[in-house]
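Reader: I'd like a close look at one part of this model, the place where the two chains come together. Could you walk me through it?

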Amino acid sequence: MTPGTDNHELFENLRLELRRGSLVLAVLAALRKEHYGYTLRKTLSERGMAIDEGTLYPLLRRLESHGLLVSEWREEDKRNKRFYKLSADGKEIFKQLMAEWQSISTSLNGML
Amino acid sequence: MDLVESYLNAVAKALPEEQRADIISELSEDIRSEMEERQKVLGRPLTEEEQEGLLKKRGNPWLLAARYRQDHRSVAFGRQIIGPVLYPFYVKVLSFNLGLTFLIVGIIFLALRLAGQKISVGDMVSTCTLQFFIQFGVVTLIFSVVEKHLTKHPDRWHIKGMGGKFRLDLNIERDFQVRMGQACMRQARMGSHMREVSRFESVSIIVALAVALVWWSSVQSHPFLIFGPAAALFNLAPIWHQIYFPIVVLTDLEIVRAIINLVRPDWTQFRAIARVILQAGGLAVMWFAIKAGSWVMVANPAADAAGKYAQVAHIVNQCLVYVFVSAAIFSGAMIIFRITELVRWRRWHAGPRNVGSAAKEGN
């Protein structure tokens, strides 16, 4: 393996790590409004936070199991879809995370 | 079954049962929404290739399913040998193999015990331990090879080949009908014998033959397993001891063949060739057995009623002639059939390749 590919792999790993934390915040932010999986994915993608379904759906399940999201199966356009939105706890956590994000962002902007 | 169902089936098999239905419903909805949107953009239904392309983008179904699982156990001896993706399959296969093997070994020992044979606890423990190490070694080796392949080439998979039960084989025949007409259907049907080797079939063969080997080895010293209570009166003729080793070798080779096809189900030509060779070997062994002319003999020729038993043995041997000759004829016919099938398939495969997906078969 060449140093170039090594660096590329390292960058990819660090990039994914950086995005991983922000994805949770992006998903919580998007779910202030109710969405089902596909429209949520599209919304995130349109806002520049593309996420593949193999990452999104397990993440939604994890957030729901932590009580941050609530979901329900409902029929829309003659098809059953699972709609997600923030729970009361989710709203509270989201507020705290957003404050944390802004604080990190301010600090980083000062350093970069 | 369409491509989406095939894909979802493959994902479902790797999901925990309690979440399976829920996850699959959601995933199905997501895939169909994406396909519908794509159709709207194109203004026409998606072709099979386009559908396959969209599913391919979602990644290997086993890797996708693994992301949903909370259980991230793996097998490691120093370094990881079987990762969390394959671990549930590994545990299932190993438990199934060991369970079935121990059950059959238990039944064999119980039968011997009931027949008054001397069986010590040590015999049972050593047989079970040996079987455990064989099964554990073979299954772990197979899965470690699959794991290595999966890690190295996570994108090398085919929707048509996932999941084991492929209803999409019908599509191959449909393609032939449309593109090549009725004349090619005969060849397509012939090609059905050259489809991917089912993993279930390979595992079944490995288990069945491992058990058969135990039985075959036990029969040599415990004729009760063939004769039942009559083992006190009759015995196996020396020919069985002479062909013991060739039969063990042929059985071992068939196990190796099944292991290879478990790892590479697409090596259909290899299976066809190996079957011909092994069947020819079997026929040669059968020829030696037929030439012997006597397969059952009186256990104690000096006994009082030995003459009467010798007559019974003679009748049994006479019947066995017909059984062996019929089996040899059947085996010979099968070899000819398989060679013909292989030659025809190779000729067809070497011909013009305008049949799309069907041409992917074989190795």
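Reader: How much area is buried between chain A and chain B, and what percentage of it do carbon and sulfur atoms give?

Author: Keep in mind that this is a predicted model. About 1600 Å² is buried between chain A and chain B, and carbon and sulfur atoms give 43% of that. On the chain A side, A:Y38, A:R61 and A:R79 lose the most area to chain B, together making up 38% of what that side buries. In terms of contacts, 18 residues of chain A meet 17 residues of chain B.

Now for the charges. The rule picks out 10 salt bridges across this interface. One you can look up is the pairing of A:K42 with B:E37, where the side chains come to 2.8 Å, N to O. There are also 15 residue pairs in polar contact across the interface of chain A and chain B, both partners being at pLDDT 80 or more.

Which pieces of chain A do the touching? The elements that give two or more residues to that side are α2 (37-46), α3 (53-65) and β3 (79-86) of chain A. Of these, α3(A) gives the most, with six residues. Sorted by class, the side of chain A that touches chain B has eight charged, six nonpolar and four polar residues.

As for the nonpolar core, the largest one holds 91 residues, and A:V27, A:L44 and A:L60 touch the most other members. Helix α9 (residues 199-221) of chain B gives the most to this core, nine residues. Setting aside neighbours within four places in sequence, A:V27 is in contact with A:L40, A:L44, A:L56, A:L59, A:L60 and A:L63.

Methods: Residues numbered from 1 in each chain as written. Chains lettered and ligands numbered in written order. Predicted model: local features only at pLDDT ≥ 70, side-chain atom pairs only at ≥ 80, totals over all residues. Heavy atoms only, no water. Contact = heavy atoms within 4.5 Å. Buried area = accessible area lost by both parts, 1.4 Å probe. Salt bridge = Lys/Arg side-chain N within 4 Å of Asp/Glu carboxyl O. Polar contact = N/O pair within 3.5 Å; in protein donor to acceptor, adjacent residues only side chain to side chain. Helix = DSSP H or I, 4+ residues; strand = E, 2+ residues; numbered from the N terminus. Nonpolar A, V, L, I, M, F, W, Y, C, P; charged D, E, K, R; others polar. Core = buried A, V, L, I, M, F, W, Y, C linked by side-chain atoms within 4.5 Å. Buried < 20%, exposed > 50% of the residue type's maximum accessible area, 1.4 Å probe, protein only.
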